[in-house]
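Please look at the sequence and the structure before reading on.

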Amino acid sequence: MTGPLVEARGLRIGFGAERAVREVSFRIEPGECVAFVGESGSGKSVTARSLVGLAGPGADVRAERLVVGGTDVRRLPERRWRSIRGGVVGLVLQDALVSLDPLRPVGAEIAETLRRHRAAPRGRVRERTIELLATVGVPEPGLRARQRPHQLSGGLRQRALIASAIAADPALLIADEPTTALDVTVQAQILDLLAERKRAGTALLLISHDLAVVARLADRVHVMKDGAFVEEGPVREVLRAPRHPYTRTLLAAIPSERTRGSRLTVTAEPGPAAASAPGPAPGREAARKVVVEADGLVKAFGDRRAVDEVSFRLHAGETLGIVGESGSGKTTVARLVLGLVPPDGGEVRLDGAPWSALSESGRRPRRREIQLVHQDPLSSFDPRLTVRRLLNEALRDGGPSRATLLDQVRLSPALLDRRPRELSGGQRQRLAIARALAPSPRVLVCDEPVSALDVSVQAQVLDLLADLQARLGVAYLFVSHHLGVVHHLSDRVLVMRGGRVVEAGPVGRVLTRPATAYTRELVAAIPRLDGADAGEPVA
Amino acid sequence: MTALPPPSRRPRVRAGLWLGAAVLAALVLVALVPSLLAPHSPTEADPLRTLLPPGAHHPLGTDQNGRDVLSRMVHGARPSLLSGLGASGLALLGGTALGLLAARGGRVADQVVTRGLDVFMAIPGLLLALLVIAVAGPGTLNVVLAVAVLTMPVYARIVRAQILQISRSGYVEGAVTLGVRPAAIVWRHVLPNALGPVLVLATLGVGSAIGAGSTLSFLGLGPRPPAPEWGAMLADSRGYYAVAWWTAVFPGVAITGSVLAITVVGRHLQRRVEGRRVP
């Protein structure tokens, strides 16, 4: 086939009155990797899905030209779409657990694609399935083919999904946030796998909110905002010399080693306490009072030790980061520190006094001193209550007033009568922070506080946390799987693996000159903006 | 990633729902002011006018004692509705208390309550109701009590499951970290959130409670004979099916119609509530 694999001109997608995509045009040549980058709701997913006729029920897809693999797909009957899906275009979705049928072995899923597109002779389907699983790097493919999705790890599921997408050898593979749900080391493996497919001649359409992920793989990138491309071009040019302000905002918003001590939001509205860079606050080094002391913490669930001999100290006004992959025990440490679960061994002391050793009623009077900001703010609010009532519950006599709190987290008082569901993700997380600050705590435990947020919103929340710490001197215990975020915000860091602390120390030392092999592996796996041509700094 | 926008859902106007709501409204009106619709006294017997077919003077005919079927039906609405409401309310109250005790009262309380409910549910419902009547004696109030006991385990189980689920939620944990007392957490966060779906179930339960109450009355365990009650009217008509179909059909339609109407409206409420709860 000559000419582009995909050509879209004047593509518009609407849902009723809402225009999700307005006039986008792009081409994908055989064998190249094109990326759509944008935040939630930018229309990048719908655009990609329209190439396989899956823009969604009620979608009104119009285009001057929309050609996929040589077929004009405008008003294509469903029957003919089916030969395009899987045959010409393979689709890999974000969450392999929901994209795979839970009741069927993953091998059956792959075999189905093979049979549907007659990609393997009937007698060789089983053999070819196992070959495909081996191709995508699944160990023991014969055994794995017979297992069901829940028996596989997230990384293996994603591999199996890719295997079924490439089964019929499509010319184009669409990967919609293929690594968002994965740990950083697994993410690196999946990106390697996609790079391998590209070398094998498959064109890739990569959809991501993460510019760094894109930097590793893509040849060309389209930055999408509000249903339109604001910038497009070769990935190196866009990343090195972004022309559109939005692209610059996105790039500046990425927290990393480089952004440490500086703000992530470009247009910093000066906060009430003059938005100074969150450098070491006066007296921060001098105080050095220990507020939380964890000593030999152990917590077992069944036979598995989720937390194994973890000890650390958190000083007043500092940020201690805890990084690790899923299952490393970092959230359990946070819950132990909060006194939400009792330790099986060891002790947490708060301000030098017993904390984990107390009964719940003994802890209750002092609960205000240690507060939590949760990963998913929506689930941490009673859905029936308004913002006003949610805050009232947390307010104390002698603490900050409601107006002060809202001002501190820069939320408008107009939101007081809304319910959590009626707030945006960023507003919810600000509300969560406001509520956590209401009892004037000395320690804030932040468990993945920005993981569910878009990068520009994440930047605002991280800036806010930095400002608040500089102003109020609250100590943060900052749990995250995102090394860039931790590097940006933390003073010291604990690296956890399998419930144990493998490395601890000042963040600059641990994350730039790691002493252990595991930390080195973690750091190496971070996708970097300069991945496109290593070594050269960006921006 | 960006979820696909949900398909535009246009609420369909369901004829059944409107019919159900209309029947329910009529039922409530009739229960409130029976004299408005009843052409005659419900209990006054006229030996000269027994088993008259529906006609101008008696729109739905008369029964074997010469009483007006329409009047009896109309006057029977109030006890039926009240016993249905009462039984559901009692069951809900008792079920909530038991569910709360099981979910928040510690391991021993949970074991005792849950096993107790298991035993309860193993006994056939009607047998259980008969047992209650046998102990407490027949009568309207005891029928209500029997039906309440009959349906309570279901509520208790659902309330327990709801409370357990909500107690694990992020916002209850949030309240714990704020140092809110457990009783306040239960009252402010757990109960209101747990009861929403159960309340809807209880509206559905009113319908089945009316059915169950009528069954007990049919067996002669309800209100004393001259009092108008749908189940009892059906029972009275047993000997006269062949000659006076109206004595059986109209009370039967009343029972079926009201149960159906309440169920239709209840289901609609359920869908509304669930729709709101699913994020």
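Which residue of β19(A) is the bridge partner of Val323(A)? The partner is Ser480(A).

## Basis of the report

The model is predicted: local features need pLDDT of at least 70, and side-chain atom pairs count only at pLDDT 80 or more, while totals for chains, interfaces and linings use all residues. Residues are numbered from 1 along each chain as its sequence is written, chains are lettered from A and ligands numbered from 1 in the order in which they are written, and side-chain values use heavy atoms, with hydrogens and water left out.

## The sheet of chain A

Strands (DSSP runs of E, at least two residues, numbered from the N terminus) pair if DSSP finds at least two bridges between them. In chain A, 6 strands make an open sheet of mixed pairing, ordered β17-β18-β19-β14-β20-β21. β17 (370–373) and β21 (500–506) of chain A each have a single partner strand, so one side of each lacks a neighbour in the sheet.

Within this sheet, β14 (319–323) and β19 (475–480) of chain A run parallel and are joined by 5 bridges.

## The contact between the chains

Contact (heavy atoms within 4.5 Å) involves 24 residues from chain B and 37 residues from chain A. Between chain B and chain A there are 2 salt bridges, where a salt bridge is a side-chain nitrogen of Lys or Arg within 4 Å of a carboxyl oxygen of Asp or Glu. One salt bridge links Arg188(B) and Glu393(A), at 2.6 Å from N to O.

Definitions and conventions
Helix = DSSP H or I, 4+ residues; strand = E, 2+ residues; numbered from the N terminus.
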